[in-house]
Amino acid sequence: MPEYRGRATLVRDGIAEGRVALRIRSVRVSDDGEYTCFFREDGSYEEALVRLKVAALGSDPHITMQVQENGEIQLECTSVGWYPEPQVQWRTSKGEKFPSTSESRNPDEEGLFTVAASVIIRDTSVKNVSCYIQNLLLGQEKEVEVSIPASSLPRLTPWIVAVAVILMVLGLLTTGSIFFTWRLYKERSREKKNEFSCKEKLLEELKWKKATLHAVDVTLDPDTAHPHLFIYEDSKSVRLEDSHQKLPEKPERFDSWPCVLGREAFTSGRHYWEVEVGDRTDWAIGVCRENVMKKGFDPMTPENGFWAVELYGSGYWALTPLRTPLPLAGSPRRVGIFLDYESGDVSFYSMNDGSHIYTFDNVSFSGPLRPFFCLWSCGKKPLTICPVADGPEGVTVIANAPDLSKEILLSPIGEDSTSGDADTLHSKLIPTQPSQGGILKKIPGRPGVVAHACNPSTLGGQGGWITRSRD
């Protein structure tokens, strides 16, 4: 970067042992921020994040004294060259603290702060006053002390005391009136905010329900899958393994990021699908341009044709250029993705409660877009594309129905399911979450109708099925 040329050096002496240092000279305020260290050897890579904090200790404080016409003394303490913003404190020789009557902290062209603080001395018993300026980040401070001439302090007369008392009473009345007005304003603002929040939540719910009307059947494209990704025979589930598959080299196959695309390509319209993430960790899902770079480690950002969210470690993020943290109320086990091609929107929803997660909006799409999936860590639990659900209306209860929730075993593409290998991958069709009361199953002979298995607690202690009409 131009601002680091001639100032930054990469110390590579210990790179064989995995140690590299970045040395920055002539440190500036603009150097403050996050830095990433990225190591890669062959197909393995790791990265770490470090926060660099810049601090500067300013000049020695300087106090100027000015005697007012009424005998009061005004002191002003100034200092330059501080970073970050310092704290200013006035103290007497006995250690008693008192606040400034006015303060200012203004940055210069280099981002360093110039501090000015003023105080008025009215107490005749005060002989010496000190000005302390402290850098909280460094835990260091600078001090200057000044002596107050005794002859310059005014003598308090009865009429001065009376005026002071009257002004104090008027000030209290004014403060009380302002406080009452402020409380009333806050209450009304809170009511309006709650009303707006309810309306906003309702609009998000309506938007999500509208999105589900555009559900599409999405499947995985094995020709794009990284060699460490194993795709199941139904082309709906995928998981990451340490073992490397011998697959034909193709230009559309990811060779560095452990990713795979959906077969479906969208060039217009609205499309919605759901992904079962369960309680597995380290994944990224969304959409991307069909022609994104699949060779190498280009960042997954909108600029490079990716619009996605991820769970990495214990945090949820939107893959923007600086990664936007997503403060979710709970961990979504199923994520809904809605693409509106003409409007340029990609929205994500938590199917725990239909709440909104994040939206990439006002995007100017060009060319085909495809569903996108990525796994950052290995595990037995796959990432699964959910089947297209039927409509929510036309509900009928069938009590004491037989238990139809049987396991269906699937073998991954590229492996012999009859070989008897103990490491052969299998996947269970993932049922609806317990909070939703059971699983879905189509009823033979009744097109457009599905049966929903209920937990016993939902039917007063009896198991059963709920049928739902597509219309």
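The model is predicted. It holds one disulfide and 15 aromatic pairs. A UniProt annotation from an unreviewed entry marks residues 159–185 as "transmembrane region".

**Cysteines**
- The disulfide is formed by Cys77 and Cys131, with an S to S distance of 2.1 Å.
- Cys77 belongs to strand 6 (residues 73–82) and Cys131 to strand 11 (residues 128–135), so the bond ties together parts that are 54 residues apart in sequence.
- The disulfide is left-handed because the torsion about the S-S bond of Cys77 and Cys131 is about -85°.
- Cys77 and Cys131 are both buried.
- For Cys288, the closest cysteine sulfur is that of Cys259, and the 8.4 Å between them is too far for a bond.
- Cys288 has a relative accessibility of 0% and therefore counts as buried.
- Cys374 is also buried, at a relative accessible area of 1%.

**Aromatic pairs**
- Among the 15 aromatic pairs is that of Tyr45 and Trp257, with ring centres 5.7 Å apart and planes at 85°, so this pair is edge-to-face.
- Tyr45 lies in strand 4 (residues 44–52), while Trp257 lies in the loop between strand 14 (237–240) and strand 15 (259–261); the two are 212 residues apart.
- Tyr45 counts as partly exposed at 26% relative accessibility, whereas Trp257 is buried with a relative accessible area of 13%.
- Phe306 and Phe372 make an edge-to-face pair, because their planes stand at 65°, with ring centres 5.2 Å apart.
- This pair links strand 18 (residues 306–312), which holds Phe306, to strand 24 (residues 369–375), which holds Phe372, across 66 residues.
- Phe306 and Phe372 are buried.
- A cluster linked by ring pairs takes in Phe38, Tyr45, Trp257, Phe297 and Trp376.

**Charges over rings**
- Arg91 places its charged end over the ring of Tyr132, 3.7 Å from the ring centre.
- Arg323 places its charged end over the ring of Trp317, 4.3 Å from the ring centre.

**Glu274**
- Glu274 is located in strand 16 (residues 270–276).
- Its relative accessibility is 15%, so Glu274 counts as buried.
- The side chains of Glu274 and Tyr272 make a polar contact of 2.7 Å.
- Beyond its neighbours within four places in sequence, Glu274 is in contact with Arg334, Val335, Gly336, Met351, Thr384, Ile385 and Cys386.

**Annotated segment**
- Residues 159–185, the span of the UniProt annotation, are 100% helix and 0% strand.
- The end C-alpha atoms of this span are 39 Å apart.

Definitions and conventions
Residues are numbered from 1 along each chain as its sequence is written. This is a predicted model: local features need pLDDT of at least 70, side-chain atom pairs count only at pLDDT 80 or more; totals for chains, interfaces and linings use all residues. Side-chain values use heavy atoms; hydrogens and water are left out. Helices (H or I, at least four residues) and strands (E, at least two) are DSSP runs, numbered from the N terminus. Buried means under 20% relative accessible area, exposed over 50%, partly exposed in between (1.4 Å probe, protein chains only). A polar contact is a pair of N or O atoms within 3.5 Å; within protein, one must be able to donate a hydrogen and the other to accept it, and residues adjacent in sequence count only if both atoms are side-chain atoms. Contact means heavy atoms within 4.5 Å. UniProt positions are given in the numbering used here, feature names are shortened, and annotations may be inferred rather than shown by experiment. A disulfide is a pair of cysteine sulfur atoms within 2.5 Å. Rings of Phe, Tyr and Trp (its six-membered ring) pair if their centres lie within 6.5 Å; planes under 30 degrees apart count as stacked, over 60 as edge-to-face and the rest as tilted. A charge sits over a ring if NZ of Lys or CZ of Arg is within 6 Å of the ring centre and within 35 degrees of the ring normal.
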